[in-house]
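Hi,

Here is the structure I said I'd pass on.

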Amino acid sequence: MAAQPGDSARQGPRDPAGTPLVDSDPNRRTAGDSWRQPRRYRRAAPDAVAPAEVAQLFAGGEAGARAFRWLLNEGRRLPDLAEIVAGLARQLTEGGLPLHRLYLGQRTIHPQMGAIGYLWNPGDETAQMIEREHSITTSAAYLTSPMKRLYEDGETLIRRRLVGPEAHIDFPVLQELKEAGATDYAIFALEIDDDTRASISMTTNAPEGFSDAEIASVHALMPLLAMVVDSHEWHRLAKSLLEIYLGADAGRQVLGGSIRRGQASTIAAAIWFCDLRDFTAQSNQLPRDEVIALLNDYFDAMARPVHAHGGEILKFIGDAMLAIFPMQDDLDRDHKCHIALRAAHEAFEALDGLNEIRASAGKPPLRVGIGLHAGSVSYGNIGAVIGNSARLDFTAIGPAVNLASRIEGLCKGLNRPLLASRAFASPCGSMLVPLGKFQLAGFPEPQEIYGLPDD
């Protein structure tokens, strides 16, 4: 994109095609246009920094070369990007770059977050992580930002003087930075496989701003920084998606190497199984989108208390949910049963609130059954191996899980919202009362069942 007539005569470095370096907000894209999906993953080649760029590292003083060595030897080993951004800022500053603010932004794949930013200011020990929702991409802040130019127009660097006769303030964010004392601004694209997936911007409050050589020196860092950011993003993405789809503990175990079929452990746990009453009849009559919204509201009511009390949500099965509250030892058994029962009471309260909203909209109430049991479960990988491929599930199985499911199945017939086994009810005292013995499919002996006291 050609420089504008009002741009400073001191415009900074350009790419080989003559395009000026430009700055953008890291979270930008056009309204209604989804983020471009990452291309097939391929590591950048070891010689991603060309000889000419290596020379540029030293052209702006010690800062660029110092930061390059640090990223290559130490920075890339740090556990998260917040520390890397803060460390990079310190290396640049200690190398003589008059840095006053550094911001790294990256797009991400997450149900709630559209982008993540890391902001460093002088004196910060680590960078502040800033999470942005998907709506950021349709906001005025993004649509009028330099970032949009980087992500959507293919520019690799935008540089703007903010004070003096060469000042050119053509983005609202630049006015904000100027009012905060900034005198010069530059933003760089971080390209992975020819696709801009992140950016880093910097400002200074030095009266003379950045020199052209300093901008070129920092620009030469971008291929190495892109590789570091890319590596961290893939690890963060794997961890995040495993936790979202498997649960926090199961995700950690899979990421830690528990991936072989049949690999499992036996643990003691309070087991929670809930099911939505009359869901089949409702789902047959409602439009698809309304069914999905109904399930999401219902699972929110059930899952949030479980999660808040340390439970592990293992599976959504249609309109059912399986969760466990792992027990550390025998002393922990009573505590976890109390915790699981407390979570059930909070789930019922949340469901009451949801039903009030549904009633105001003329919709029928939702009713749920919760079955609770305490026992040993096999916790690990099951599934199918198909040639060189596999489809595995990390879950809990065993007679204890089956019993929790059967107990929940009694809720409708007994017109009870919650039922529990004797093993679960024993630590709970008067909070659960005996209802009698019942024959359950698959279990030879009648099971003693408990419920909530009648009001």
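I started with the packing. The largest nonpolar core has 42 residues, and W272, M302, I370, F424 and L432 touch the most other members. Several elements give two or more residues to this core, among them strand 7 (264-276), helix 11 (288-308), strand 10 (368-386) and helix 14 (422-425). The largest share, ten residues, comes from helix 12. There is also a second, separate core of 40 residues, which includes W70, L99, L190 and I215.

Bear in mind that this is a predicted model. The mean pLDDT of the protein chain is 83, with 82% of its residues at 70 or more. Confidence is highest in strand 12 (residues 418-421), at a mean of 97, and lowest in helix 1 (residues 51-59), at 58. Residues 1-49 have pLDDT below 50, yet in the model this stretch makes 161 contacts beyond near neighbours in sequence. I'd read those with care.

Now the aromatics. Searching the whole structure turns up two aromatic pairs. Y298 and F299 have ring centres 4.8 Å apart and planes at 40 degrees, so they count as tilted. F299 also pairs with F316: the centres are 4.4 Å apart and the planes at 55 degrees, so this pair is tilted too. It links distant parts of the chain, with F299 in helix 11 and F316 in strand 8 (residues 312-317), 17 residues apart. Y298, F299 and F316 form one aromatic cluster.

Buried or exposed? F299 has 11% relative accessibility, so it counts as buried, while F316, at 47%, counts as partly exposed. Y298 is buried as well.

Cheers

Note on methods. Residues numbered from 1 in each chain as written. Predicted model: local features only at pLDDT ≥ 70, side-chain atom pairs only at ≥ 80, totals over all residues. Heavy atoms only, no water. pLDDT = per-residue confidence, 0-100. Helix = DSSP H or I, 4+ residues; strand = E, 2+ residues; numbered from the N terminus. Contact = heavy atoms within 4.5 Å. Core = buried A, V, L, I, M, F, W, Y, C linked by side-chain atoms within 4.5 Å. Buried < 20%, exposed > 50% of the residue type's maximum accessible area, 1.4 Å probe, protein only. Phe/Tyr/Trp six-rings, centres within 6.5 Å; stacked < 30°, edge-to-face > 60°.
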